[in-house]
Amino acid sequence: MDRVAFSSWNGKIVDNRKGNVSKTSKSADIKFPEMSGGEKATALMGWNGLVAMNKKADILSLTLNYLKEIRKISCGECSVCMIGIDKLMDMFELMIEGFGDKEILDEMEKIVREVSANAKCAFGQSALFPILDAIKHYKSDFISLMKGEKKIEDREYSTVVTAPCIEACPAGLDIPGYIELIRNNKFGDSLNLIREDCILPGVVGRVCTHPCEEACVRKDIDEPLAIRLLKKAAADFDLQNGASSLGTPASEKEENVAIIGAGPAGLAAAYNLRSIGYGVTIFESLPRAGGMAAAGIPEYRLPSDILNHEINLIKRMGVEIKLNVQVDELDFGKLQKQGYKAVFVAVGAHQGKNMGVKGEDQECEGFVDGVEFLRDLNLGKKIESRKKVIIIGGGDVAIDCARSCVRLGFKDVEIVYRRSRTEMPAREEEIEGSEEEGVTIKYLTAPVEILVKDGKFKSARCVRMKLGKPDESGRKRPVPVKGSEFTIDADMIIAAIGQSPALPVVKNKKKLGSTAWGTIKADPETYMTNIKGIFAGGDCVTGPATLIEALNAGNEVAKSIDCYIQGNHFDGRVSFTDVDLTKHRGQAFISKSAVNNVSFLDKRKRTGDFAEIEGGFDKSQAMNEAQRCLRCYRVVVWQKAV
Amino acid sequence: MVNIVIDGRKVKAKDGSTILENARDLKLDIPTLCHHDDLSPFGACRLCTVEVKTNGKWQLATSCNTAVENGMEIKTNSSKALESRKMAAELLYYKYPETEAVREIAEKVGVDVFEEKGEEHDCILCGLCVRACREIVGVSALTFQDRGPGRDLEDPQIEFDPNSCIGCGACAYVCPTGYVKMEAEDDKRIIWNKVFKMTPCKVCGRYFAPEDQLRYISKTTGVPFNNLTTCMSCR
């Protein structure tokens, strides 16, 4: 890290200015936030401190600008924070006019300390703290200002507002913002805010893996906010009250964009491109739009009505979705002639991986692939229940298959997984849910051979495993135990050990760049592939990942495609990687508050029925839950290099 | 029940009760502007701050919305708590110098207040009206304007939804500063600039309630409208 002139980041003082001897190290070894696109700053002020890169930093104007920015986030709901900031700004104005003395600085310090100790939310408790550092370590600047010896310099600034939950969210939703709107009984406004970054709120509100909740600061006090369920509440409340529609583009653009795949990535890209006026056509190979959300997530987790409603809203904006169009060969030249300036490939990862066991390649009845099984089920193909089914794999697809089999009426549903429970990639709540429904899990077991009789699956020859040293994924590698082979008889076997994309062949001089894992190579920021004008994102680039990650790729690619078509430079998001957003230097007491729970469908009603399991918050419950949010907004203001 | 210590006195407190409830049971004087016993706590005015010891550390906490925990130690009049209240009041007085309710409480906690009586009735965003409207009346005609990235408001205010308001006047009743005004004029009531038609009592003829309110009561209780048009004194 570069040597800095001064840093109080995270409360650690580094001072390399002339005449000051650094008490610790020459550089601030704690990572502080940096501007996007590698742009240089002379100084920054944020919730966690003040950093001056060099002598050119003007701390006075930085402090004033920082105050102006935090004033915009201060909600005014508690008496100390917003009025405190107002008073500090008024005092600043006095100093600029040449009034004041050392006492005014003492008074400012007192306000900062009292507001930080007594503000209602985590924003108020933390935001003012760096002002103390400025007053304390750049006191002579403030005194010169009052004496008229120094002026506030005219500098350029860049500001970012984030929060631990926002950073944890792949799509960077303004989580404290939409929670606040729910708290204030503005469910409609909340949904509009969610839709800015998440165009499938009812879907994501049901199936998101919610990394935001893992990052929630309340986690260390009592329980994290039920953020996913609050999103669901905003979406469902809208549906129950007549269902709002999405806005139409303010103006139309001449250019068109083609999207291959109507999954979350394709839909999000389509919505974002359409809302700024592009003509958008999506080509979808399946008879239903939604990608994995339509073909991979069972009805009991995501009712198709919810998904269809949200897709219909996007269609009503003018996005054309052509179903049953399999794009095996992508002829960009032809598309360009049809007026498409760019193509977004978002075909997902819908091809089941082979298990690599003996007898796997023989066609037989009763042996299916996990994603194919779920796809058939969701697309309405009749699946007859039999007595026993075994499912190979430990991920979410395996669990979805198992729980679907319970609903189809299979008497004995067993998951066979080669590692132990700790290594299982499926989410804990899903594993528990499956066990509640009677699914059994055989750990440390792997199939070695598929046995077929008269064209029908008969049994799987398995071997016991033990855990060895961790592999590249960090999980312990399973090693077969010699001589432990045994046979499991069953009427059906489902292999759910992972998926990979089926990539279209691009008709071009250059071959579409791909990786060793069979995914498309795309620039991580611009999403552009090695072929100019062809973009790719979602599962077909990342491999099987979460819905919200794919949706984010769609959001970002839309911005990137817009920049590409209009000939502008695309700036990615500011990265807060390795910057600790949870800690701040304020010290106020946060009292515990109980989490609000939702009800679940009675276990006895789950067999033979695909009804949605999880209930939702009613209005009061949602508002009460929203009340628990600590509002951990973190503001950073950079003073740009001159 | 949980055991707590307030100002050195050992107290058995109800589970889930707040520090403020327990302190007031002990007749300890803690100032508040945004609190009402019948409404959920809100923690807006920051005047009820006390010092709380948990995990061996003393910290400031607003007593109205802090639930007691077993073993909690509380100081309601420590110098830190008093300083904090004074700063909260000073800031309120800084923003609303002419509002009498603010001046009174500021003076009470030791802020130097000018002698002339305040003539203004500012909204101090205490949220009592919003909570009364939702929790007691059940119509939610009042809401806070929200803040956040990109939603830059100079002065956040309370928003009024005329379509939901039934003109009951609960907001005016709980408002501590007189910002919410309710005016009566013969068969009219004016509140939040909305004019309501009053209903006369079918016995004494006195205009006693807005028609919208009676219709709302009729709708929520199932009692026919005509059975509600007798005033309390004539019933």
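Q: Why is Asp155(B) called partly exposed?
A: In this predicted model, Asp155(B) has a relative accessible area of 35%. Buried means under 20% and exposed means over 50%, so a value of 35% puts Asp155(B) in between, as partly exposed.

Q: What makes Lys95(B) and Asp155(B) a salt bridge?
A: The side chains of Lys95(B) and Asp155(B) meet at 2.8 Å, N to O. The cut-off is a Lys or Arg nitrogen within 4 Å of a carboxyl oxygen of Asp or Glu, and therefore the pair counts as a salt bridge. Lys95(B) is in helix α2 of chain B, while Asp155(B) is in the loop between β6 (142–144) and β7 (158–160) of chain B; the two are 60 residues apart, and the pair links distant parts of the chain.

Q: Is Lys95(B) buried, exposed or partly exposed, and how do you know?
A: Its relative accessibility is 25%. Since buried means under 20% and exposed over 50%, Lys95(B) counts as partly exposed.

Q: What makes Arg301(A), Asp400(A), Arg403(A), Arg407(A), Glu430(A), Glu436(A), Glu437(A) and Arg606(A) one network?
A: Salt bridges that share partners join these residues of chain A. Over all chains, the count comes to 56 salt bridges.

Q: What makes Glu69(B) and Lys592(A) a salt bridge?
A: Their side chains meet at 3.7 Å, N to O. With the limit set at 4 Å, the pair therefore counts as a salt bridge. Across the interface of chain A and chain B there are five salt bridges and 15 residue pairs in polar contact, both residues at pLDDT 80 or more.

Q: Which helices of chain A each supply at least two residues of the side that touches chain B?
A: They are α1 (59–73), α2 (79–96), α3 (102–118), α8 (175–183) and α22 (619–627) of chain A. The largest share, eight residues, comes from α2(A). By class, this side of chain A has 17 nonpolar, 12 polar and 15 charged residues.

Q: How many residues of chain A are in contact with chain B, and how much area do the two chains bury?
A: In chain A, 44 residues are in contact with 45 residues of chain B. The two chains bury about 3600 Å² between them, 52% of it on carbon and sulfur atoms. Ile83(A), Asn118(A) and Phe589(A) lose the most area in chain A to chain B, together 19% of what that side buries.

Q: Why is Pro249(A) called buried?
A: Its relative accessible area is 11%. The cut-off for buried is under 20%, so Pro249(A) is buried. Pro249(A) is found in the loop between α12 (227–240) and β6 (256–260) of chain A. Leaving aside neighbours within four places in sequence, Pro249(A) is in contact with Arg274(A), Ser275(A), Gly277(A) and Met317(A).

Q: What makes β6(A) and β10(A) paired strands?
A: Five bridges in the parallel sense lie between β6(A) and β10(A). At least two bridges are needed, so the strands pair. In β10(A), Phe344(A) is the bridge partner of Ile259(A). Strand β10 (residues 340–345) of chain A is mostly covered, with five of its six residues buried.

Q: Why are β2 (14–15) and β5 (157–162) of chain A called edge strands?
A: The open sheet has six strands in the order β2-β1-β4-β3-β24-β5 (chain A), with antiparallel pairing. Each of β2 and β5 of chain A pairs on one side only. Six bridges join β5(A) to strand β24 (residues 634–640) of chain A.

How values were computed: Residues numbered from 1 in each chain as written. Chains lettered and ligands numbered in written order. Predicted model: local features only at pLDDT ≥ 70, side-chain atom pairs only at ≥ 80, totals over all residues. Heavy atoms only, no water. Helix = DSSP H or I, 4+ residues; strand = E, 2+ residues; numbered from the N terminus. Buried < 20%, exposed > 50% of the residue type's maximum accessible area, 1.4 Å probe, protein only. Contact = heavy atoms within 4.5 Å. Buried area = accessible area lost by both parts, 1.4 Å probe. Polar contact = N/O pair within 3.5 Å; in protein donor to acceptor, adjacent residues only side chain to side chain. Nonpolar A, V, L, I, M, F, W, Y, C, P; charged D, E, K, R; others polar.
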